[in-house]
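Colleague: I am new to this structure and would be grateful for a close look at a single part of it. Please take the sheet and its surroundings as the subject.

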Amino acid sequence: MPELPEVEVVRRGLERWVAGRTVEAVEVLHPRAVRRHPGGGPDFAARLRGETLGVPQRRGKYLWLPLAGRDLSVLGHLGMSGQLLVQPEDAPDEKHLRIRVRFGDDAGTELRFVDQRTFGGLSLHETVADSPEGLPDVIAHIARDPLDPLFDEAAYHLALRAKRTTVKRALLDQSLISGVGNIYADEALWRSKLHYERPTANLTRPRSAELLGHVRDVMNAALAVGGTSFDSLYVNVNGQSGYFDRSLDAYGREDEPCRRCGTPMRRRPWMNRSSYFCPRCQRPPRVAS
């Protein structure tokens with residue numbers, strides 16, 4: 001599933017290609033693509049017609065397009081395979097095209113939502129009162145992400161200590177910090193030399209600050225090369241894949257030598273996912289006797 005860097009790459013593309021454009025028509029080609037919209041496909045298309053799209057925004061893994069002059073936003077959920085593509089109007093339809101948005105200008109491009117597995121979708125939501133970025137009310141509970149200038153590091157450290165969980169669970173808790181998923185959590189933990197089961201209760205302020213720094217570093221590095229793509233499902237708005245997968249130090253590297261000490265990397269099942277780590281650099285916490 002796309003994490004913060006992948007969603008931010010898409011957001012930047014939408015800002016370049018669709019911000020400020022007025023919707024002329026909307027086609028909903030699969031009902032599941034608008035299942036989170038209470039009125040269904042016809043209502044979604046009718047309400048979006050004639051609206052002007054504002055500057056796309058993001059919080060963590062969530063992406064939305066505010067409607068200019070309205071207290072409404074189009075929330076995009078990419079799910080496992082969702083793609084927001086800006087395509088020439090005469091380009092052939094993608095096999096898994098779910099929604100088409102046409103604009104009332106002569107730019108010659110349209111916005112398409114393509115989703116092979118139909119886990120993602122688009123929906124219209126009211127925005128949080130007095131939210132300058134038009135935050136949709138359904139994601140008001142999502143914490144700010146580590147690249148957000150308003151992210152409160154001191155509050156995050158206190159929340160970590162109070163949560164009394166393990167460090168990887170805390171990194172993936174979107175109510176504490178948003179945008180971090182399985183891939184970048186493993187990468188940041190490897191860089192920090194922390195085992196994924198390390199308790200947060202005894203994580204010192206300097207250690208949590210160091211971890212947060214590594215989270216930011218690995219996400220910025222991924223952003224610089226377009227994110228991480230293991231297959232053709234994650235692409236930017238022009239259909240191009242990112243290639244940070246070539247720079248991963250931990251995730252997906254089972255039995256390969258640790259790039260720091262040479263010890264074979266290990267993979268362990270974890271919360272219906274996998275955790276990749278170096279058994280020498282990231283020693284498991286001692287179990288109290």
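Which residue in β8 is the bridge partner of Leu72?

Modeller: The model is a predicted one. The bridge partner of Leu72 is Glu126, in β8. Leu72 lies in strand β4, which covers residues 72-77. Strands β4 and β8 run antiparallel and are joined by 6 bridges.

This pair belongs to an open sheet of 4 strands, arranged in the order β2-β3-β4-β8 with antiparallel pairing. Two of the strands, β2 (57-59) and β8 (121-126), stand at the edges; each has a single partner strand, so one side of each is left without a neighbour in the sheet. From one strand to the next, the twist averages 30°. A helix also packs on the sheet: α2, residues 40-48, touches β4 and β8, and its direction makes about 60° with that of β8.

Another strand, β1, spans residues 23-28 and includes Val23. Val23 counts as buried because its relative accessibility is 3%, where buried means under 20%. Beyond the residues up to four places away in sequence, Val23 touches Leu48, Arg49, Gly50, Glu51, Leu53, Val101, Arg102 and Phe103. For one of these residues, Arg49, the separation from Val23 is 26 residues in sequence, while the C-alpha to C-alpha distance is 5.3 Å.

In soluble globular proteins, nonpolar side chains tend to be buried together. The largest nonpolar core here has 28 residues, and the members that touch the most others are Tyr156, Leu171, Val180, Leu189, Leu211, Val215 and Met219. At least two residues of this core are supplied by each of α3 (153-163), α4 (167-171), α5 (182-192) and α6 (205-224). Helix α6 gives the largest share, 6 residues. Apart from this core lies another, of 27 residues, whose members include Val7, Val10, Val23 and Val74.

For Leu189, the contacts beyond neighbours within four places in sequence are Val167, Lys168, Leu171, Leu194, Tyr196, Leu211 and Gln282.

Strand β9 (residues 266-270) is joined to strand β10 (residues 273-277) by 5 bridges, and Arg266 stands opposite Phe277 in β10. The hairpin of β9 and β10 has 2 residues between the strands, and Met271 takes a positive phi near 50° there.

Definitions and conventions: Residues are numbered from 1 along each chain as its sequence is written. This is a predicted model: local features need pLDDT of at least 70, side-chain atom pairs count only at pLDDT 80 or more; totals for chains, interfaces and linings use all residues. Side-chain values use heavy atoms; hydrogens and water are left out. Buried means under 20% relative accessible area, exposed over 50%, partly exposed in between (1.4 Å probe, protein chains only). Contact means heavy atoms within 4.5 Å. Two strands pair if DSSP finds at least two bridges between them. Axes are lines fitted to C-alpha atoms, for helices over the stretch in contact, and angles run from 0 to 180 degrees between N-to-C directions. A nonpolar core is a set of buried Ala, Val, Leu, Ile, Met, Phe, Trp, Tyr and Cys residues joined through side-chain atoms within 4.5 Å.
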